[in-house]
Amino acid sequence: MKTVLIFPPQWSPLQPYLSIPSLSAYLEMHGYSVVQKDLNIESYDIFLSPEHILSMKQKIKERFELLDNKERLSVKEQEKFVAFFMGMSKASRIHECISEAMTLIKNEDNFYNINDYNKSMNTINEALSITSLAYFPTNLSLFSFTIDNFDYSISELFKATIDEEINPYIQIYKDNLLKPIVNLKPDLVCISIIGTEQIIPGLTIARLLKLETDSHINIGGSIFSRLVDVLLSRKELFTTFFDSVITLEGEKPLLELVKHIENKKDLKSVPNLIFLDGESVCKTDISRPERIDNLPTPSFEGFPLDKYLSPLLVLPYLSSRGCYFNKCAFCDHSYIYGNRYDPRDIKKVVDDLNKLTNKYGCHHFTFSDECISPSRFDKLSDELINTKSTIFANADIRFEKGFTSELCNKIYNSGFRVFYIGMESANNRVLSFMNKGIDKDSILNIISNSSSAGIWNHVFYFLGFPTETETEAEETLDILISKKDQIHSSGGSTFLLGKDSKVAHNPKKYSVKNIKIDQKKDLELWYNYDIDVGLSNEMAQRLLSSFKEQIEKDNCDYCWSSIPREHLLIYLSRYRVSDLKDMIKIPYIKQDPRIYYNDYLNDNAILYMHKHLAVHTINFDITELINNKFNSPIVSELTNVVYNEKSKKIFKINNSAKKVIDLLDNVNTVGDVINKIAINYGISLKEARIKCNRLFTELLNNDIVGIANSTGSIPRLDPTFGRST
Ligand code: SF4
């Protein structure tokens, strides 16, 4: 019996995800061997390779030329025209530096240098934006994957999983990742889909496998567990993408599925299964999940652990299933666990961590528990300290009064460095209305206790819970500013009405009305709604955006809010909280933009074009097009432009200027260029000198050219200066 477990893209490539390591360890405990494939990290490895970027450049070029050869560009096409134009230059630059960025992010010495770190992360993000452009209007980043016109309908899902124009995964599956799975000739392939970003890439590989193999294709994970009603009514999903779906917790049902397929038994006795039985979709009974204490330590065998984008291995760990509180009105996290809470015995938890440390040399763990209570943390810390554990970890907690100074100190001493805490609001009425079970005093106490112990506090909040007023929302934002020495980073959003939340189940109680369930958007898990009292979602969004803009401007260390969990933990396993804050405190010095070059320019000087700039002759006036803000169609007009890829500025130049720039070939001196222009245009040397010098000064001031053989030291320009579009 051959079983392959797949974790499909798109998910964070900084560490492996826990779902298939838990399932594979469970199957192995019952005597079944498994092959694990993290297609997510394999995909990123391809997207971030120089070869792929080069092929994306070619793809962007082809798409650009198709538009450039048109007589006229529609409003929609104009946006693409600009994006492709800029993308071509960017691809050339990123192609040259992506390997270095990938090496730096995985190298400890460079990783801890915040400038190297930021530079590498920027390059990696830019590299992914090149793939996005090649598949416009697709957006791929380290933490998300979206296709603009995918509206969560099944009809769009059918299109997106075979559309090679917009789906970047089809090509890499066909070229690289599909064949090794097909060659294994598996009897069963299980694909774990736990996030909405995985729906298209996950079902794309499912569809290809269904075409290329005779394997039974099964989908597991939380997303389709929430879509049982859709699965039961859409038979075509089973004929195109998969043979069955396991809902809720997967261990017992998967083991049964393996046994049933091995023994060719009727699938009707596999629990938690939805499958096509003849002509109709059938659903089996839900079984009691396996107790967490009966599960083995997760197994990461077969994972390419050196490919994750971190200098040190960071593994996820789950010490409990479900939430011990489980009362917050906006939350539906416990749905997948049948609203139960199942904590693992503390000794087993510490034993697991030690095993993972010994087996994989891993000392950094991100706890994936919904939240760990004070009493459980007390026992966990004692056990870690008593067993002389060497781990560093982060975990989610609630603002519970039990997190005293004494306990926070103990937690720090046991290796925990970061708390992720759902504050949601700092207003007592709103906290009580959403049934959060905490109040402002406990928030203030706990951030004080944990930060004094040396623990980094990352606080989550959201604006626009039904009935929340602007004044109440501002109370939340105020605390982030006034307590910024104790709230070290934060993540803010606006309220989302989740399909399985208590608010959605009892909207009247929360003054929510007209929940807009669009029947066409079968796969949608969040709904729009109307509200009579308090902030609308748009108002909350506006308030949040202006707050974030302001806080970013006023606080240079705000960037720590966007550093991924895995990387923050690695930093905090070496540095104290205050060290990290100090790393970013670089004063901003405004430069005088205009520089006069007469002292540096003489006839022997050689001007050269900067590497990040290129001259293009294209069929549309791109500067006009941008100024127009893509408002009306535009007709073709031959245009010369210089594009500065670093500053993203586009300079329109006339034919004479282009002729001069073409002469700046690293060989011609300023004197040579002036001579050639005088001859070419039949003008005097004096006139040519005046015209050329005027142009050279413009080019130098706009950082388009540099002086190769200057004896003086040329001052750097403020890159924001310049006349441009
Ligand atoms: S928000 Fe957190 S504490 Fe509240 S129910 Fe959800 S998981 Fe539990």
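H15 packs against helix H16 (residues 405-413) at an angle of about 40°, their axes being 9 Å apart. That puts H15 oblique to H16, oblique being whatever is left once angles under 35 degrees (roughly parallel), over 145 (roughly antiparallel) and 65 to 115 (roughly perpendicular) are taken out. Axes here are lines fitted to C-alpha atoms over the stretch in contact, with angles running from 0 to 180 degrees between N-to-C directions; helices are DSSP runs (H or I) of at least four residues, strands (E) of at least two. The contact (heavy atoms within 4.5 Å) involves Pro 374, Phe 377, Asp 378, Ser 381, Asp 382 and Ile 385 of H15, plus Leu 407, Lys 410, Ile 411 and Asn 413 of H16.

The model is predicted: local features need pLDDT of at least 70 and side-chain atom pairs pLDDT 80 or more, while totals for chains, interfaces and linings use all residues. Numbering starts from 1 along each chain as its sequence is written, and side-chain values use heavy atoms, with hydrogens and water left out.

H15 (residues 374-386) also packs with H14 (residues 346-360), at about 50° and with axes 10 Å apart. H14 and H15 are therefore oblique as well. On the H14 side, the contact includes Ile 346, Val 349 and Leu 353; on the H15 side, Arg 376, Leu 380 and Glu 383 are among the residues.
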